[in-house]
Amino acid sequence: MKNFIKNGNRMTWLNGTGAAVPSGDPVVVGDRVFVACVDIPDGMSGELATTGVFGLPKKVVVINQGKIAYMDPATGEVTETATDNVKVGTFWGAAAVGDSLAHVCLHG
C-alpha cells in the first residue's frame, strides 16, 4: 500500500495550551477528545491515544452503558449531556453517582 501512513491508534500533538498535560488526561483537538499517552509539557509534542477504553473523570451523575459520552471542556469531566460539550465516544459501562470515573471507549 503506497498510501499507508500509520495504524491510527496514536496521534502526535503539539501542546499549546499554556500548561503541561499529564499522561491519562483527556485532550480536546478540534471537535474530538483523545487521551495523553505520556506527560506532555507545554510547547512540546507528545502522543495521544485515538482509540481504546479509558477511565475518565465524570460529573456527579448516573452514567448508562452504551450511551454517547461527551466531555465538558471546562472541567474535563464526561457526561451524557451533549449541550456545550465535545463528543468523546461511548460509555463502556454504567457508573453510579458516587463513582469518580466512567469507562469510555474513544471513537478514533
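Hi everyone, let's start with a pair of strands: strand 2 (residues 26-29) and strand 3 (residues 32-36) pair in the antiparallel sense over four bridges. A quick word on terms: strands are DSSP runs of E with at least two residues, numbered from the N terminus, and two strands pair if DSSP finds at least two bridges between them.

Before I go on, please keep in mind that this is a predicted model, where local features need pLDDT of at least 70 and side-chain atom pairs count only at pLDDT 80 or more, while totals for chains, interfaces and linings use all residues. Residues are numbered from 1 along each chain as its sequence is written, and side-chain values use heavy atoms, with hydrogens and water left out.

Back to our hairpin. Valine 27 stands opposite phenylalanine 34 in strand 3. Two residues lie between the strands of this hairpin, and glycine 30 takes a positive phi near 65° there.

Four strands form an open sheet in the order 1-4-3-2, with antiparallel pairing. Which strands stand at the edges? They are strand 1 (10-14) and strand 2, and each has a single partner strand, so one side of each is left without a neighbour in the sheet. On average, neighbouring strands of this sheet are turned by 50° against each other, direction ignored; the axes behind that angle are lines fitted to C-alpha atoms, and angles run from 0 to 180 degrees between N-to-C directions.

Strand 1 runs antiparallel to strand 4 (residues 45-49), and five bridges join them. Leucine 14, for instance, has serine 45 in strand 4 as its bridge partner.

Next, the cysteines. How many disulfides are there, counting pairs of cysteine sulfur atoms within 2.5 Å? The count comes to zero. The sulfur of cysteine 37 is 15 Å from the closest cysteine sulfur, in cysteine 105, and that is too far for a bond. As for cover, buried means under 20% relative accessible area, exposed over 50%, and partly exposed in between (1.4 Å probe, protein chains only). Cysteine 105, at 14% relative accessibility, therefore counts as buried, whereas cysteine 37, at 26%, counts as partly exposed.

Last stop, the loop between strand 5 (52-57) and strand 6 (68-72), where we find valine 62. Valine 62 counts as partly exposed because its relative accessibility is 48%.

Thanks, and I'm happy to look at the model together!

How values were computed:
Disulfide = S-S within 2.5 Å.
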